[in-house]
Amino acid sequence: ILVNTFLSEIAETLYARGATIDKFMGEAGIAFWNAPIERPGHAADAIRAIPAVMQAATRTNADLAAQGFPDVAIGIGLNTGPASVGLMGSANRLSYTCIGDSVTLAARLEGLTRIYGVPNCVGAATVADLPEGFTALCLDLIAAKGFAQPAPVYMVLPSDTPGLTQFAQALDDARAAFIA
């Protein structure tokens with residue numbers, strides 16, 4: 001009940017924002033935009049989905065807690081770039097999916113949410129299409145496994161998030177002290 005209920009709510013939230021659900025792996029889900037139907041502005045749409053997914057997770061966790069289930073933690077890794085999308089696999093098992101370096105980096109970014117203790121980690125190519133009403137805070141520059149060049153990592157929040165200005169300043173001060 002726990003996993004199916006939680007993933008159903010997240011999937012419906014993503015569908016409503018134009019995402020294609022790729023697959024579920026345990027309690028994790030993979031979704032993408034811009035395929036099978038091209039969507040101009042898909043990176044901005046994906047960013048706009050972040051708070052909706054977080055709200056759906058909070059709401060679903062509260063409903064499940066009332067039934068005695070534990071909270072399900074959520075971390076969102078979001079990246080934009082070229083990918084191969086289509087039916088892939090073997091003659092006996094095909095799946096509509098996406099692969100490529102941009103997809104791999106999105107998975108690496110999702111894993112970083114637990115390390116940094118943040119709800120999302122977003123790649124620079126996605127942040128380049130940041131929609132109005134959102135703020136991107138640079139968390140770090142990482143050496144992602146399998147990538148030759150360092151990649152900046154951002155956390156994206158609605159611009160009206162309480163305490164955002166103070167948090168952004170504290171983050172900038174901490175990064176500056178670390179780099180010095």
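**Close-ups of a predicted protein chain**

**View 1. F32 is a buried residue.** With a relative accessibility of 8%, F32 falls in the buried class, because buried means under 20% relative accessible area, exposed means over 50%, and partly exposed is in between (1.4 Å probe, protein chains only). You'll find F32 in strand 2, which covers residues 28–32. Leaving out residues up to four places away in sequence, F32 touches A19, T20, D22, V85, Y96, T97 and C98; a contact here means heavy atoms within 4.5 Å. Look for A83 too: it sits 51 residues from F32 along the chain, and the C-alpha atoms of the two are 10 Å apart.

A quick word on what you're looking at: this is a predicted model, where local features need pLDDT of at least 70, side-chain atom pairs count only at pLDDT 80 or more, and totals for chains, interfaces and linings use all residues. Residues are numbered from 1 along each chain as its sequence is written, and side-chain values use heavy atoms, with hydrogens and water left out.

**View 2. The whole protein chain, before we zoom back in.** There are 5 helices and 8 strands in the protein chain. Helices (H or I, at least four residues) and strands (E, at least two) are DSSP runs, numbered from the N terminus. Starting at that end, the order reads α-β-β-α-β-β-β-α-β-α-β-β-α. Of the 180 residues, 36% are buried. Among contacts with a separation of 6 or more, 56% join residues 24 or more positions apart.

**View 3. K23 and D22 pair up.** Side chains of opposite charge can pair when their charged atoms come close. The side chains of K23 and D22 form a salt bridge, at 3.2 Å from N to O. The rule for a salt bridge is a side-chain nitrogen of Lys or Arg within 4 Å of a carboxyl oxygen of Asp or Glu, and the count by this rule is 4. K23 is partly exposed at 28% relative accessibility, whereas D22 is buried at 10%. D22 also turns up in View 1, as one of the residues that F32 touches.

View 4. R48 is partly exposed, with 42% relative accessibility, while D45 is buried, with a relative accessible area of 16%. Which residues make up the salt-bridge network here? R39, D45 and R48 are the ones linked.

View 5. The N to O distance between the side chains of R114 and E110 is 2.7 Å. The pair is separated by about one helical turn because the two residues are 4 apart in helix 3 (residues 101–116). R114 is exposed, at 59% relative accessible area, and E110 is partly exposed, at 27% relative accessibility.
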